[in-house]
Amino acid sequence: MSAIATQLSPAAGLPKWLAPLLLIAFAYVVVPLIGNSYLFEAILLPFLALSLAGVGLNILTGYAGQVSLGSAAFMAAGAFAAYNFNLRVEGLPLAASITLSGLVAAAVGIVFGLPSLRLKGFYLAVSTLAAQFFVQWALTKFNWFSNDSASGVIDAPKLSIGGFEFDGAVGRYLFALTVVAVLTFLAHRLVTSQTGRNFIAIRDNETAARIIGIPVLKTKLLAFAISSFIIGVAGVIWAFAYLRTVEPAGFDLDRSFQILFIIIIGGLASIRGAFLGAALIVVFPLVLSRLGGFLLGDLFDSGVLDMSQRIVLGALIILFLILEPDGLVALWDRVRRRLSLAWQSS
Amino acid sequence: MTFLSTVKAVAISAALAVSVALPAAHADEQYFPLQSYRVGPYAAGGTGFFGGFIDYLNLINIRDGGVNGVKLTWDECETQYEVERGVECYERQKSHAGPAAWNPLSVGIAYAMIDRITADKVPLITVNHGRTDSTDGRVFPYVFPLLLNPYSETSGIVNYIAAKEGGIDKLKGKKVVVLYHGSPYGKETIPIYELLAQKYGFTVQQIEVPHPGNEQQSQWLTIRRAKPDFVVLRGWGVMNPVALKTAVKVGYPVDHIIGNVWSNSEEDVIPAGDAAKGYTAITTQASGNTYPVVQEIVKTVYGAGKGNLEDKSRIGSVYHNLGIVNGILNVEAIRIAQEKFGHRTLTGDEVRWGFEHLKLDPAKVEALGAKDLFHSINVSWDNHEGEGYVTFQQWDGKKWNVVSDWIAPDWALLRPIIEKSAEAYAAEKGIKLRTAADADAVAATN
């Protein structure tokens, strides 16, 4: 059975790159034509930012097996770094300040990744919590980071690359889409390369990896650096393209957990998983809240509705994880396999 | 008549009834999008404030049939005080026809909305809070930190201490400790306290309490060593009751602690129990339910079973009254704009014009049934705060009692600092400063 399934793998007959390419073409051409501002501002922009953060964390946690609870801190590092580069370096193009901010986040990631050389599993997770608290504290404590703004909240600059302004909801969406598409492509190349295989080797058995000659320390730090780079850029998208403002409190522990849930629900060690997980985490609560408001809005106040949505959401996630512990990706693959089987036999 | 034709007849008449009812429902209405928060850590403030706001809107609808016949409508979208939920609510609610003004009661959400509401030309009200430099209407045409911005609050507190000591010259040589919440909000007034200390010759020591502030032993031991004449509590949430309890523990007299505008509610003192007796706090709106407008809400709105607060003992509490005052300000801005543009659904920009001409002197405030609830307001196109007065209330263990006159902050002193900050923002964002003529040009469509 499984042999047949692999034989009839979904890509049968079609080149593997076709589906993602079609998807990207759809996102670039069709979505801007049919979408309204609610779709871009409230759904697609947070979806893209969190998906990218999920891709970043998946490299670290899913592929390299290092658990991290500091994702929001790396997002904050990226967002505030981009703000400061943009503010303080005259004439620096946006693309450069985004890359530099990713590098700053990567540097922060390496520093807080150092404990991973000694610590594993839960102990490492606890030590990455330090990143979470330290970064938030430092951004609040030192006014320099927010350019001495009285309330510590920063405003996003205009988004323009090479004279082209990404203004309005659609512009910001296209900007975010481009950044996410490029970085996702690079991440995909990375995990299928030798480095990606080194990550997986370390995850599966560190001792064995060491014996076959993988430089464990270097590889772990590399995983932290690359992951934090991507998460940092995700932070820039979150702050500049989505919210258009940022306060340190917006990057709290809840956000780190949210990103961790995205990759767990989406599927560990899978690039697609991050997108599926982010879609669920972003869209599902909105659907529930709108449905709840539409059906019962006249009967209960918004607080009661919100509480019941949380209960429903929590119950659904538990149920889902019990029935499908490998995440949405596994579910998706199974559905596709079934469909193609049915199609073949008909 | 067969069964089927009966069904048909019923269906047709129902359709007719609906088609008749629909246009009526779409008659002139003014819509308030409420980004409220009734769950999460700040639910106590959210339920009180939005409860008061909705109660006042209901009062206008039930008692007056709306503002000059224009019904007020609203719906709520839960934000939990989180910025991204606020943004989602904004996008969800803005498609509704005729939004009058946004009132998120959250600095973070307000910041995220500034670009958006400016593009959409709908006013954003941040009563008693918000970014201080948005007071400058030349740079922030659609943002209104009504009644009190954080700098005015600081000045009001210092003026109150001066009055207690017997005059502004008596401040010389006094010592004040400011205990602030370790957040952007808490730190916002640090430079203003330094400035005022220098100007009036008192010394100020500012001590941070890290968020959330449920452990303050070391801070209060420092305060005991410093022996200040007054402690200003610039707290938030659980930090406030803990501060009062710890003060009692280290033996600092509670009646020399003065709370700021986010440390002034029942929710801040009741958890502290007896430790809070004698604690004084600043407010722009007195608490209690004796004011005529609050009485009318009790009679008309709660009497009709339409009251918003579940716990009726919270009627007249600090947050509830703030919501009512906020309701008065919003409704009066609409009324003023209607006098110019006609008794109909107004566009956001027309309501903005209304807010920029929102002048309620004490006589008008009394006519609205709010004498002593709040003092007055005088908004103009370039001053979006509107010179709100403050008063001070003392907790007696059961309720707040007003213990001061209405006090004016030192606006003239603060204005240049605000303008400088706003101009820096305008330069950073490439905003052209607005003139009085710009402010008079009103967009007729949303």
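Predicted model: local features only at pLDDT ≥ 70, side-chain atom pairs only at ≥ 80, totals over all residues.
**The contact between the chains**

Where chain A and chain B touch, 29 residues of chain B and 23 residues of chain A take part. On the side of chain B that touches chain A, the elements giving two or more residues are β2 (71-78), α3 (83-93), α4 (107-120), α6 (184-187) and α15 (411-429) of chain B. Of these, α3(B) gives the most, with six residues. By kind, the residues on this side of chain B divide into ten nonpolar, seven polar and twelve charged.

**The two domains of chain B**

The domain assignment divides chain B into domain 1, made of 27-148 + 287-378 + 417-440, and domain 2, made of 151-283 + 396-409. Taken over C-alpha atoms, the centres of the two domains of chain B are separated by 28 Å. Contact between them involves 15 residues of domain 1 of chain B and 14 residues of domain 2 of chain B. On the domain 1 side, the elements that give two or more residues are α2 (43-64), α12 (318-341) and α15 of chain B, and the residues of that side divide into eight nonpolar, seven polar and no charged.

**The largest nonpolar core**

The largest nonpolar core has 214 residues, and those with the most contacts inside it are A49(A), A176(A) and I237(A). Its largest share, 18 residues, comes from α10(A). Both domain 1 and domain 2 of chain B give residues to this core, so the core lies between them. Apart from its neighbours within four places in sequence, A176(A) is in contact with L45(A), L48(A), A49(A), I237(A) and A241(A).

**Helix α8 of chain A**

In helix α8 of chain A, which spans residues 194-204, N198(A), F199(A) and I202(A) are buried. Viewed down the axis of α8(A), the buried residues fall within an arc of 105 degrees, so they line one face of the helix. These buried residues pack against α3 (37-63), α9 (206-211) and α10 (216-243) of chain A. The face of α8(A) turned away from the buried side carries the exposed residues Q194(A) and D204(A).

Strand β12 of chain B (residues 391-395) has four of its five residues buried, so it is largely enclosed by the rest of the structure. The table sets out the strands with which β12(B) pairs.

| Strand paired with β12(B) | Sense | Bridges |
|---|---|---|
| β9(B), residues 280-283 | antiparallel | four bridges |
| β13(B), residues 400-402 | antiparallel | three bridges |

Within these pairings, A281(B) stands opposite Q393(B) in β12(B), while W395(B) stands opposite W400(B) in β13(B). The strands β12(B) and β13(B) form a hairpin with four residues between them, and G397(B), in the turn, has a positive phi of about 100 degrees.

**A loop residue of chain B**

The residue I168(B) is placed in the loop between α5 (150-165) and β5 (175-182) of chain B. Because I168(B) has 16 C-beta neighbours inside 10 Å, it counts as partly exposed. Although ten residues separate I168(B) and V158(B) in sequence, their C-alpha atoms are 8.9 Å apart in space. Leaving aside neighbours within four places in sequence, I168(B) is in contact with A162(B) and Y200(B).

Key: Residues numbered from 1 in each chain as written. Chains lettered and ligands numbered in written order. Buried ≥ 20, exposed ≤ 12 C-beta atoms within 10 Å, placed from the backbone. Arc of directions from axis to C-beta. Contact = placed C-beta atoms within 7 Å. Nonpolar A, V, L, I, M, F, W, Y, C, P; charged D, E, K, R; others polar. Pairing = 2+ DSSP bridges. Domains from an automatic or database assignment. Core = buried A, V, L, I, M, F, W, Y, C linked by C-beta atoms within 7 Å.
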